[in-house]
Amino acid sequence: RQGAYFGQGLGPVWMTNLNCNGREANISLCSFSGWGVGSCEHNKDAGVTCSRVRLVGGSNPGEGRVEAFHAGIWGTVCSDSWDTIDGGVVCRELGYSGATSVAASFRSGSG
């Protein structure tokens with residue numbers, strides 16, 4: 001979200017002209033103008049709403065049915081067009097390096 005949607009910060013604006021390719025492990029690995037370089041003001045502070053995902057029903061914490069938290073309720077993710085790229089995004093969000101395989105269906109359950 002742009003334009004200080006969550007309010008204006010205080011102190012230095014450390015990163016301007018941020019450009020990530022989506023494979024970075026953290027924001028400091030994205031391309032940007034340089035630490036403290038630029039003339040961006042706090043009325044342009046960036047914001048983000050992170051999704052919440054979990055894996056349920058697997059035999060270990062790194063596998064399972066994908067569930068997302070939205071509007072206060074856990075629900076499943078449909079496997080239409082589901083592929084290794086999608087699975088990799090979920091795995092990275094949960095702190096893993098990527099997906100080694102994906103399943104188009106998983107055991108049933110609530111959520």
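**Reading rings and a disulfide**

User: Is phenylalanine 6 buried or exposed?

Analyst: Phenylalanine 6 counts as exposed, at 52% relative accessibility (buried is under 20% relative accessible area, exposed over 50%, partly exposed in between, with a 1.4 Å probe and protein chains only). This is a predicted model, where local features need pLDDT of at least 70 and side-chain atom pairs pLDDT 80 or more, while totals for chains, interfaces and linings use all residues. Residues are numbered from 1 along each chain as its sequence is written, and side-chain values use heavy atoms, leaving out hydrogens and water.

User: Which pair is tilted?

Analyst: Phenylalanine 69 and tryptophan 74 are tilted because their planes meet at 55 degrees, with centres 5.0 Å apart. Phenylalanine 69 is partly exposed at 27%, and tryptophan 74 is partly exposed at 23%.

User: Which cysteines does the disulfide join?

Analyst: A disulfide covalently bonds the sulfur atoms of two cysteines. There is 1 disulfide here (cysteine sulfur atoms within 2.5 Å), joining cysteine 20 to cysteine 30 with S to S 2.0 Å. This link of cysteine 20 and cysteine 30 is right-handed, with 100 degrees about the S-S bond. Cysteine 20 is partly exposed at 41%, whereas cysteine 30 is buried at 6%.

Notes. Phe/Tyr/Trp six-rings, centres within 6.5 Å; stacked < 30°, edge-to-face > 60°.
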